[in-house]
Amino acid sequence: MTLDPSPVDTLAALFAGEGSAEYFGEAVTQAGHMLQAGALAEADGAPAHLVAAALLHDIGHFHGAVTGRDLMEGGVDNRHSHTGADWLARWFGPEVTEPVRLHVAAKRYLCTAEPGYFDLLSEASVHTLRVQGGPMTEEQARAFEALPGAADAVAVRRWDEQAKDPEMATPDFEHFRPLLEGVLAGA
């Protein structure tokens with residue numbers, strides 16, 4: 001009888017496999033980007049669930065019929081935030097999955113709510129912003145602010161945008177293993 005791998009082993013395999021692919025339009029790999037986001041959250045003293053959300057925020061690029069390449073080259077929104085959150089919900093609670101689900105909406109929100117935020121976006125993020133619906137209207141921004149997990153999603157989004165430095169020293173996935181094991185649902 002073969003046992004299924006642990007959730008953290010499954011994630012480790014994704015980081016080592018699909019994660020080693022280019023992060024479309026950026027100078028880092030997909031896994032490198034997510035590891036940087038997790039490291040930035042950790043360096044900021046974020047609680048474990050937010051470090052996990054930052055680390056896993058783009059896992060949806062690895063799942064679903066529409067890939068990150070479709071997002072960048074085809075102009076098709078792959079809704080990676082939703083597919084990633086739904087996939088992660090098998091193992092993690094909403095304190096991890098909702099910031100993942102809302103991190104794209106948080107980019108759209110910040111472009112409306114904070115003058116100058118748009119100017120911080122990388123060229124690739126500007127492109128995906130257009131594909132993902134552009135900046136929110138004022139009404140959409142107010143509705144976003146009322147969502148459970150919105151503030152956490154904004155924090156994840158800030159780390160997301162900073163996590164594109166090809167020179168940044170970043171811990172490997174194994175560094176985050178104990179943290180992830182500690183925030184598994186039922187842990």
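## Working through a predicted model

Residues are numbered from 1 along each chain as its sequence is written. This is a predicted model, where local features need pLDDT of at least 70, side-chain atom pairs count only at pLDDT 80 or more, and totals for chains, interfaces and linings use all residues, while side-chain values use heavy atoms, with hydrogens and water left out.

**Exercise 1.** Work out where histidine 57 lies, and whether it is buried or exposed.

*Solution.* 
- Start with the place: histidine 57 sits in the loop between helix H3 (48-56) and helix H4 (68-74).
- Now the surface: histidine 57 has 0% relative accessibility, so it counts as buried (under 20% relative accessible area; exposed is over 50%, partly exposed in between, using a 1.4 Å probe and protein chains only).
- Next, its side chain makes a polar contact with the side chain of aspartate 160, at 3.3 Å. A polar contact is a pair of N or O atoms within 3.5 Å; within protein, one must be able to donate a hydrogen and the other to accept it, and residues adjacent in sequence count only if both atoms are side-chain atoms.

**Exercise 2.** Find which residues form salt bridges with arginine 157.

*Solution.* 
- One partner is aspartate 160, with the closest N and O atoms 2.8 Å apart.
- Another is glutamate 161, where the closest N and O atoms are 2.2 Å apart.
- Check the spacing: arginine 157 and aspartate 160 are 3 residues apart in helix H9 (residues 150-162), so about one helical turn separates them. Glutamate 161 and arginine 157 are 4 residues apart in H9, again about one turn.
- Here's the general idea: an α-helix has 3.6 residues a turn, so residues three or four places apart point the same way.
- Finally, arginine 157 counts as buried because its relative accessibility is 3%, and glutamate 161 counts as buried at 12%.

Technical notes: Helix = DSSP H or I, 4+ residues; strand = E, 2+ residues; numbered from the N terminus. Salt bridge = Lys/Arg side-chain N within 4 Å of Asp/Glu carboxyl O.
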